[in-house]
Amino acid sequence: MKQRMWMEKIIGRTELPGENLPLQSLVEICGNSRVLVENHSGVTAYTNERIGIRVRFGTVEVHGQQLKVCQMSRCQLVISGTIQSVHLQKG
């Protein structure tokens, strides 16, 4: 919690975008066929229609068809398929 407050203070006092700071999650949507999530904490749900990914600020849910995790490492996760929506649930 202290680290998060410290990072928010740095973002507020500088002109640095938040995604450039360490441990900040980044979600990148590439058209309707690919989603990249950086600095994730693992997969919370996995079906062909929905994949949930835990991030520092909550959960990112990707909804679509024929979804699959095509690449996963400690810091990056790539989902492919037909993406219909991406939702952020804080908390």
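Buried here means under 20% relative accessible area, exposed means over 50%, and partly exposed is whatever falls in between (1.4 Å probe, protein chains only). The model is a predicted one, so to speak of local features takes a pLDDT of at least 70, side-chain atom pairs count only at pLDDT 80 or more, and totals for chains, interfaces and linings use all residues. Numbering starts from 1 along each chain as its sequence is written, and side-chain values use heavy atoms, with hydrogens and water left out.

The overall layout comes first. One helix and six strands make up the elements of the protein, in the order α-β-β-β-β-β-β from the N terminus on. Helices (H or I, at least four residues) and strands (E, at least two) are DSSP runs, numbered from the N terminus. Of the 91 residues, 29% count as buried. The protein exposes about 6,100 Å², with 49% of that supplied by carbon and sulfur atoms; these areas come from the Shrake-Rupley method with a 1.4 Å probe, and for residues only the protein chains shown count as cover. Among contacts (heavy atoms within 4.5 Å) with a separation of 6 or more, 40% join residues 24 or more positions apart.

Next, the inside. A nonpolar core is a set of buried Ala, Val, Leu, Ile, Met, Phe, Trp, Tyr and Cys residues joined through side-chain atoms within 4.5 Å. The largest one has 11 residues, namely Val 35, Val 37, Ile 51, Ile 53, Val 55, Val 60, Val 62, Leu 67, Leu 77, Ile 79 and Ile 83. At least two residues of this core come from each of β2 (34-38), β4 (50-55), β5 (58-72) and β6 (76-90). In soluble globular proteins, nonpolar side chains tend to be buried together. Once neighbours within four places in sequence are set aside, the contacts of Ile 51 include Val 60, Val 62, Leu 67 and Ile 79, along with Tyr 46 and Lys 68.

Two residues stand out for their backbone. Most residues other than glycine have a negative phi. Asn 39, though not a glycine, has a positive phi of about 60 degrees. Asn 39 sits in the loop between β2 and β3 (43-46) and is partly exposed, at 29% relative accessible area. Gln 66, also not a glycine, has a positive phi of about 55 degrees. Gln 66 lies in strand β5 and counts as exposed, at 65% relative accessibility.

Leaving out residues up to four places away in sequence, Gly 81 touches Asn 32, Ser 33, Gln 65, Gln 66 and Leu 67.
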